[in-house]
Amino acid sequence: MKEVIKLEKIAKSFGNHQVLKDVDLSLSTGEILCLLGPSGAGKSTVINITLGVEKADGGTAYVFDEVMPKRELLGKLGYMAQSDALYESLTARGNLTFFAEMRGIAKDQLAAEIERVTDIVSLTDALDQEVSGFSGGMKRRLSLAISLLGNPELMILDEPTVGIDPALRRQIWSELYKMRDQGHAILVTTHVMDEAELVDRVGLLMGGRLIANDGPKELEAQYQVNTIEDVFLKAEEEGQND
Amino acid sequence: MTRTFAIAKRILTELLHDKRTLAMIFIAPMLILTLMNYVFNITSSTSVDIATVHVEQQMDQGLAKTKNVNVKHYDSKEAADSALKDQKVDAVLSQTSDGNYDIFYANTDSSKTAATRKILANVFTQNKLSGLSQQVATLSQRVGVQPNLGSNFNLNESYSYGDKDTTFFASIMPIFMGFFVFLFVFLISGVSLLKERTKGTLSRLLATPVRRSEIIYGYMLSYSVIAILQTAIIVFFTISVLNVEVLGSVWNLLLINILLALVALALGLLVSTLASSEFQMIQFIPVVVVPQLIFSGIIPLNTMADWAQVIGDCLPMKYASNAMTEVVLHGQGFGQIWTDLLALFIFLVLLTAGNIFGLRRYRKV
């Protein structure tokens, strides 16, 4: 186990609005960390600071033991955004090739790598079709495939299962578990509470603070409820009573 | 470098799939140039209708003999004036009791007013001359000397640019060649980066180790290819189909247009960061693009007020138009246009630096 992400006392404001206050968070290889929180709690900001899109006002973000933002580190992580973010007029292969080149994957490994990731998301048959003709689920799978390029040690996925059918959701999660078991570190945000039941650790973000950070079973015991959904609701209630 | 090429290749592939945009880039300029050529050819000779009210016969005949003038006779000033109101005539010429002339212009078309003014002056001079030569003839008869009024001579006309059929279109054509490149590259590149931003592909791109400069250079590379193709088509079309003469080197035209396209690209990318939708991008046309055309030299810049000329100096299109005009109409080479090219280059460097820095908004490194 190697620590891949380490956020120390991260604070971030946009204008007068403080989005994050003193957030400490860490993620190691072979672990899936799920960030939960209501809209506007700062999940995306945590991801953006980890990616170096934003710079923290206070505290330090370490990724692979180096201080973010650092451009070179981005080659070692795979990122999947909330939106599909695909070039619609290109084929699936065109999209994969382009992003592989951006990630700096060597030319001689390109074809094999594209084959590997499309096989994982079962898009091999649609590889040479234009993305504009893809269904929503296919686009999502292609988006995931792009983030898998280069088999990055760290995966950051912002709501990977939003708007897709249950079968595909299961497929994506089984892929994520498989990657974890192979020693990848995975940071994921979600709105689907039962997805959080099966991860290794849940970080609960509310009002810009990380109010809980533990395994799902431990959290359920701590809040004396049976599901993560109830943990979420109870935490939200307590937050409002404060 | 490989990333720059990959980005350029991707942008060009995307464009190739977008048939309508391709048609806009390559066919629309040809269509507009053809229309302009047609319009300026048929209005190239201004003919004027002049109403005359009781003027000397000599004056009347003098006018009638002049080319492109229709003389209409009216019995009263009132009738002539009302004809002018009804737009039947462009000017009313009447003679006062003391022998002076009054001319009343409609002046709704200043070119017709100017033409009438010139025609009248000519007729006056001619009448005076024929009067003079008559007097000389009578005087010489009285003195008994045969006057030598000089032999007839011919005037041979030749032209530095074009021929006797060259129209106004020829003088604005070089400006429009550049303007089309400017307009299309500005719009398409701006919308293209905007789409990357709104669709999220820019965020995804910036989550890879790509440099911000590599993204901007990728855009530049792909749009210089577009500019080269567009210029080549426009130049070929104007020379071979519209029969417009280009005195200077076509290579210099390409060079000017590539630089102009890159400036338009950098400006389009920069402006697109201020827009949040394609619709808002279109709204920048009157603010950013139209002034470029106004100060491009279609209206001669040296006739403008000093402060207006200063505005023109700040717009890249002015330098491109100037260089294009020098090459097309005056056949000048690189030695004459390098200052304009330098000005374009300075715009390019500043705007590009602005863009590379501006992408910091989307990623801090």
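These legends describe close-up views of a predicted two-chain model.

The model is predicted, with local features needing pLDDT of at least 70, side-chain atom pairs counting only at pLDDT 80 or more, and totals for chains, interfaces and linings using all residues. Residues are numbered from 1 along each chain as its sequence is written, while chains are lettered from A and ligands numbered from 1 in the order in which they are written.

**View 1. The sheet of chain A has 6 strands.**
Helices (H or I, at least four residues) and strands (E, at least two) are DSSP runs, numbered from the N terminus. Two strands pair if DSSP finds at least two bridges between them. The sheet is open, and its order is E6-E7-E8-E3-E9-E10 (chain A). Pairing is mixed. Strand E6 (77-80) and strand E10 (209-214) of chain A each have a single partner strand, so one side of each lacks a neighbour in the sheet. From one strand to the next, the twist averages 15°. Axes here are lines fitted to C-alpha atoms, for helices over the stretch in contact, and angles run from 0 to 180 degrees between N-to-C directions.

**View 2. Strand E9(A) is largely enclosed by the rest of the structure.**
A residue is buried if 20 or more other C-beta atoms lie within 10 Å of its own, exposed if 12 or fewer, and partly exposed in between; C-beta atoms are placed from the backbone. In E9(A), 6 of the 6 residues are buried. In a regular strand, side chains alternate between the two faces of the sheet. One side of E9(A) carries A:Arg201, A:Gly203 and A:Leu205, and the other A:Val202, A:Leu204 and A:Met206. Both faces are covered. Strand E3 (residues 31-36) of chain A runs parallel to E9(A), joined by 4 bridges. Here A:Cys34 has A:Val202 as its bridge partner.

**View 3. Strands E9(A) and E10(A) form a hairpin.**
Strand E9 (residues 201-206) of chain A pairs with E10(A) in the antiparallel sense, over 5 bridges. A:Met206 stands opposite A:Arg209. There are 2 residues between the strands. In the turn, A:Gly207 has a positive phi of about 55°.

**View 4. A:Met193 sits in helix H6 (residues 193-196) of chain A.**
A:Met193 is partly exposed, with 18 other C-beta atoms within 10 Å. Contact means that the C-beta atoms of two residues, placed from the backbone, lie within 7 Å. Not counting residues up to four places away in sequence, A:Met193 touches A:Thr227, A:Ile228, A:Glu229 and A:Phe232. A:Met138 is 55 residues away along the chain, and its C-alpha atom is 23 Å from that of A:Met193.

**View 5. Chain B has an open sheet of 4 strands.**
The order is E2-E1-E3-E4 (chain B), with mixed pairing. Strand E2 (69-74) and strand E4 (101-105) of chain B stand at the edges. The twist averages 25° from one strand to the next. Strand E3 (residues 91-95) of chain B pairs with E4(B) in the antiparallel sense over 5 bridges. Within this pair, B:Leu93 stands opposite B:Ile103. Helix H4 (residues 57-65) of chain B packs on the sheet, touching strand E1 (48-53) and E2 of chain B. The direction of H4 makes about 145° with that of E2(B). Helix H6 (residues 110-143) of chain B lies across E1, E2, E3 and E4 of chain B, at about 55° to E1(B).

**View 6. The largest nonpolar core has 139 residues.**
Such a core is a set of buried Ala, Val, Leu, Ile, Met, Phe, Trp, Tyr and Cys residues joined through C-beta atoms within 7 Å. B:Val185, B:Leu260, B:Ala261, B:Val263, B:Ala264 and B:Leu265 touch the most other members. Helix H7 (residues 168-199) of chain B gives the most, with 17 residues. Leaving aside neighbours within four places in sequence, B:Ala264 contacts B:Val181, B:Phe182, B:Val185 and B:Phe186. A second, separate core of 14 residues includes B:Ile50, B:Val53, B:Ala80 and B:Ala91.

**View 7. Chain B meets chain A.**
Here 24 residues of chain B are in contact with 25 residues of chain A. On the chain B side, helix H1 (2-17) and helix H8 (201-206) are the elements that give two or more residues. The largest share, 7 residues, comes from H1(B).
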